[in-house]
Amino acid sequence: MGYTKWIGAFLGYVSGGVLGAIAGFILGTVFESFTKSSDTSSGSNAYNAYGNTTAEEILNRTRQSQLGDRNGFLFSLMVLSAHIIQADGKIMHSEMEHVRNFLRANFGETAVEQGNNILLRLFDYRKQHGEQSWKQQIGEACRQMRMAMPEEHRLQLVAFLADIAKADGITAESEIRELRNVAYNLGLNPQVIDQMLSLGGQSLDDAYKVLGLTKDATDDEVRKAYRKLALQYHPDRVATLGDDVKEAAKKKFQELNDAKDRIYKARNL
C-alpha cells in the first residue's frame with residue numbers, strides 16, 4: 001500500500017471531518033514550495049518521437065515518488081505528534097515548540113501557524129470524541145502506516161516522537177506507554193522506545209540501553225548489536241524523505257556511534 005492509499009484509508013476510517021483538514025494541510029499549502037521544486041518546466045516533452053519514456057520522465061517519476069514519501073511521512077508525523085503531546089494529559093509548551101521548530105526550519109512561519117492550528121484542532125477532536133475513540137483511530141492509523149512505510153521510515157517516525165516526549169526534560173510513564181503502543185502498532189519491537197529514549201544519554205548504562213543490551217553481554221553480542229542498529233539507522237535509508245529528515249537521522253546515527261564508543265572504551269575493544 002502506498003502513502004496516498006493509506007491517507008485515504010485513514011480519512012475514510014475516521015469519517016473525514018477535522019482530520020480531512022490535516023490532509024489538506026499536509027498535501028497542500030505547507031508543501032507547495034517543495035512541490036514546485038520538484039516540478040519540471042511545462043514545455044518539456046516526456047516522450048521521444050518513438051513513444052518511449054525519456055530519461056527526464058523517469059527522473060520526474062522518481063521525484064514524484066519521493067514527494068509522496070515525504071508528504072506521507074509528514075502527514076503521519078502530525079497525526080502521531082498530536083497523540084504523544086497529550087499522552088501525559090498535558091499540553092507542554094516545550095513539546096509543541098519541538099514540532100513548531102521542525103516546521104519553522106523547513107517551511108517557514110506560515111507553516112508554523114498552520115501546523116499549530118492543526119494540532120489544536122486535533123486536541124479538540126480528541127476531547128470531543130473521547131479517549132477510547134481517539135485511541136482506536138490512532139491504532140488503525142498506525143496499522144495503515146505499517147503497510148505503507150518501509151521499516152526505516154517507521155523507525156525515524158518513532159525517533160521523532162521520542163524526541164517530543166523528551167522535550168520537556170521529563171518523560172512520564174504514560175508517554176512511554178503510548179510510545180510503546182505506537183511502536184507495536186507500527187510493527188516495531190516496543191523495546192526500540194527504550195533505545196531511543198536513551199540516545200543522547202551520557203552514562204554507560206544509557207549506552208547499553210541504546211544497543212538493547214545489559215552489561216553482562218559478551219563482546220560479540222555488543223559488536224553484533226551495533227552492526228544491526230548501524231544498518232537500521234543509517235541516514236541514507238531515509239534520503240527520500242528530504243534533507244531535513246536525513247539530517248535528523250544523522251544526529252541519531254552519531255548518538256548511536258557515541259554509545260558504541262563509550263562501551264568499546266569501557267571494554268578496551
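Predicted model: local features only at pLDDT ≥ 70, side-chain atom pairs only at ≥ 80, totals over all residues.
Residues are numbered from 1 along each chain as its sequence is written. Local features need pLDDT of at least 70, side-chain atom pairs count only at pLDDT 80 or more, and totals for chains, interfaces and linings use all residues, while side-chain values use heavy atoms, with hydrogens and water left out.

The chain holds 13 helices and 0 strands. Both kinds of element are DSSP runs numbered from the N terminus (helices: H or I, at least four residues; strands: E, at least two). From the N terminus on, the order is α-α-α-α-α-α-α-α-α-α-α-α-α. Of the 269 residues of the chain, 49% count as buried. Buried means under 20% relative accessible area, exposed means over 50%, and partly exposed lies in between (1.4 Å probe, protein chains only).

Helix α7 covers residues 131–148. Its 18 residues should span 26 Å at 1.5 Å a residue, and the end C-alpha atoms are 25 Å apart, which agrees. The expected span is 1.5 Å times one less than the number of residues. Buried residues of α7 include Trp134, Ile138, Cys142 and Met145.

The largest pocket holds about 360 Å³ of space. A pocket is an open set of points on a 1 Å grid over the protein atoms alone, where a 1.4 Å probe fits, with protein on both sides within 12 Å along at least five of seven lines; lining residues have an atom within 4 Å of a point. Grid points are joined across faces, edges and corners, and the volume is the space filled by probe spheres set on the points. The lining of the largest pocket comprises 17 residues. Closest to the centre are Gln191, Gln195, Lys228, Leu229 and Gln232. Helices α8 (151–166), α10 (191–198) and α12 (219–232) each supply at least two lining residues. The most come from α12, with 6 residues. By class, the lining has 7 nonpolar, 6 polar and 4 charged residues. Ala, Val, Leu, Ile, Met, Phe, Trp, Tyr, Cys and Pro count as nonpolar; Asp, Glu, Lys and Arg count as charged; the others, Gly among them, count as polar.

Lys260 lies over the face of two rings. The ring centre is 5.1 Å away for Tyr226 and 5.2 Å away for Tyr264. The criterion is NZ of Lys or CZ of Arg within 6 Å of the ring centre and within 35 degrees of the ring normal.

Asn268 lies in the segment after α13 (243–267). Its phi is near 55°, a positive value in a residue other than glycine. Most residues other than glycine have a negative phi. Asn268 counts as exposed because its relative accessibility is 72%.
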